[in-house]
Amino acid sequence: MAVGCYDRQAREYANGRPQYPPQLFSFIAKHVPHRRLAWDVGTGSGQAALALSETFERVIATDVSEQQITYAPKRPNITYAVTPRAMSLEELESTVGAEGSVDLITVAQALHWLDLDTFYGHVKHVLRKPGGVFAAWCYREPVVNPSVDCVFEEVFRASVAFWDPPRRMVDEGYATVCFPFRGVVQEGSEGESTTAPVKFWAKKEMGLEAYLNYMRSWHAYQKAKATGVDLLDEKTIALFKDSWGESDNDAKTVSFPVFLRIGVV
């Protein structure tokens with residue numbers, strides 16, 4: 001269902017993107033009463049599917065990109081499937097499961113690429129009723145330290161012209177995305193149900209090259225490069241080297257803010 005816009009940089013995406021924090025999956029799991037089947041949509045290189053496989057009996061992980069799935073980790077209880085960008089209900093049931101058979105549907109860093117009207121219809125068709133849970137999350141720009149972040153902000157500012165319009169949903173932490181689900185009780189909500197975004201942090205230890213590869217995995221980076229614009233030219237890389245420290249191999253903690261929307265049918 002998602003646009004296959006990461007095919008060209010599938011390897012960089014798999015190696016450069018952060019692993020989602022265990023606290024995120026623990027938070028989701030406590031709202032899911034049944035843990036037989038989870039569907040991970042836009043699975044990419046399988047980061048979320050792998051985590052879900054620790055909790056659910058079966059995970060169906062789908063993506064439009066065969067190249068992305070090539071880099072996904074294999075587990076006996078994960079089934080990967082390459083899907084068309086638009087699935088009929090018959091294809092949906094054949095690939096994922098029958099009506100009302102799915103306990104949890106997740107979308108990690110991909111909801112903004114989907115045709116939400118059609119997708120939400122599919123979500124409500126296959127989710128268990130009552131008790132089926134839908135969870136979608138995104139992460140925004142990483143934080144390292146003031147000197148590195150200053151250079152990063154210049155690169156990100158230059159990249160804005162090359163992002164597709166749906167990327168604005170990520171900039172807003174999915175706060176404004178259409179979300180037609182009932183809320184769950186969250187810590188600090190004083191017992192009231194809500195679908196407001198919940199913030200987590202994904203942390204990854206990176207050397208400079210890994211950090212640069214994260215930026216090379218951006219759709220905007222590849223789009224800019226195709227037009228002759230190198231967002232990571234020699235001058236910019238030199239600035240990153242100066243700000244990074246004594247050695248490019250020095251590992252630094254790179255922290256990504258993650259924003260989760262979660263609801264039930």
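The largest pocket has a volume of about 150 Å³. The model is predicted. Helix α7 gives five residues to the lining of the largest pocket, the largest share. Elsewhere, a search of the whole structure finds 23 aromatic pairs. Strand β9 is largely enclosed by the rest of the structure, because 12 of its 13 residues are buried.

**Largest pocket**

- The elements that give two or more residues to this lining are α7 (146-159) and α11 (234-244).
- Cys150, Val151, Glu154, Val155 and Ala158 are among the lining residues.
- Asp230, Leu231, Asp233, Lys235, Thr236 and Leu239 also line the largest pocket.
- By class, the lining of the largest pocket has six nonpolar residues, one polar and four charged.

**Cavities**

- Rolling a probe the size of a water molecule over the atoms shows where empty space is left.
- The structure holds three cavities of 30 Å³ or more.
- The second largest cavity has a volume of about 90 Å³.
- Its lining consists of 11 residues.
- Arg17, Gln109, Trp163, Arg167 and Trp218 are the lining residues that lie nearest the centre of the second largest cavity.
- The lining of the second largest cavity divides into five nonpolar, two polar and four charged residues.
- Two residues from this lining, Trp163 and Arg167, also meet as charge and ring: the charged end of Arg167 sits over the ring of Trp163, 4.4 Å from its centre.
- Gln109, another residue of this lining, has a positive phi of about 55 degrees although it is not a glycine.
- Gln109 is placed in the loop between β4 (104-108) and α6.
- With a relative accessible area of 10%, Gln109 is buried.

**Aromatic pairs and a charge over a ring**

- Phe179 and Phe181 form an edge-to-face pair, with 5.0 Å centre to centre and 65 degrees between the planes.
- Phe179 counts as buried because its relative accessibility is 10%, under the 20% cut-off.
- Phe181 is buried too, at a relative accessible area of 9%.
- Tyr214 and Phe256 form another edge-to-face pair: their rings are 5.2 Å apart centre to centre, with 80 degrees between the planes.
- What does the pair of Tyr214 and Phe256 tie together? Tyr214 lies in helix α9 (residues 208-216) and Phe256 in strand β9 (residues 252-264), so the pair links parts that are 42 residues apart in sequence.
- Tyr214 is buried, at 4% relative accessibility.
- Phe256 is buried as well, with a relative accessible area of 0%.
- Phe179 also has a charge over its ring: Arg261 lies over the face of Phe179, at 4.6 Å from the ring centre.

**Strand β9 and its partners**

- Strand β5 (residues 133-139) runs antiparallel to β9, and seven bridges join them.
- Strand β8 (residues 198-206) is also antiparallel to β9, with nine bridges between them.
- Which residue in β9 is the bridge partner of Cys138? The partner of Cys138 is Phe259.
- Lys199 stands opposite Phe259 in β9.
- With 12 of its 13 residues buried, β9 is therefore largely enclosed.

**Backbone and loops**

- A cis peptide bond joins Lys129 and Pro130, with omega about -5 degrees.
- Pro130 lies in the loop between α6 (116-126) and β5.
- Tyr174 is a residue other than glycine with a positive phi, near 60 degrees.
- Tyr174 is found in the loop between α8 (168-171) and β6 (184-185).
- Is Tyr174 buried or exposed? Tyr174 is buried, with a relative accessible area of 0%.
- Ser65 sits in the loop between β2 (58-63) and α4 (66-70).
- Ser65 is buried, with a relative accessible area of 1%.
- Ser65 and Val265 are 200 residues apart along the chain, and their C-alpha atoms are separated by 28 Å.

Definitions and conventions
Residues are numbered from 1 along each chain as its sequence is written. This is a predicted model: local features need pLDDT of at least 70, side-chain atom pairs count only at pLDDT 80 or more; totals for chains, interfaces and linings use all residues. Side-chain values use heavy atoms; hydrogens and water are left out. Rings of Phe, Tyr and Trp (its six-membered ring) pair if their centres lie within 6.5 Å; planes under 30 degrees apart count as stacked, over 60 as edge-to-face and the rest as tilted. Buried means under 20% relative accessible area, exposed over 50%, partly exposed in between (1.4 Å probe, protein chains only). Helices (H or I, at least four residues) and strands (E, at least two) are DSSP runs, numbered from the N terminus. A charge sits over a ring if NZ of Lys or CZ of Arg is within 6 Å of the ring centre and within 35 degrees of the ring normal. On a 1 Å grid over the protein atoms alone, a cavity is a set of points where a 1.4 Å probe fits but cannot get out, and a pocket is an open set with protein on both sides within 12 Å along at least five of seven lines; lining residues have an atom within 4 Å of a point. Grid points are joined across faces, edges and corners, and a volume is the space filled by probe spheres set on the points. Ala, Val, Leu, Ile, Met, Phe, Trp, Tyr, Cys and Pro count as nonpolar, Asp, Glu, Lys and Arg as charged, and the others, Gly among them, as polar. Two strands pair if DSSP finds at least two bridges between them.
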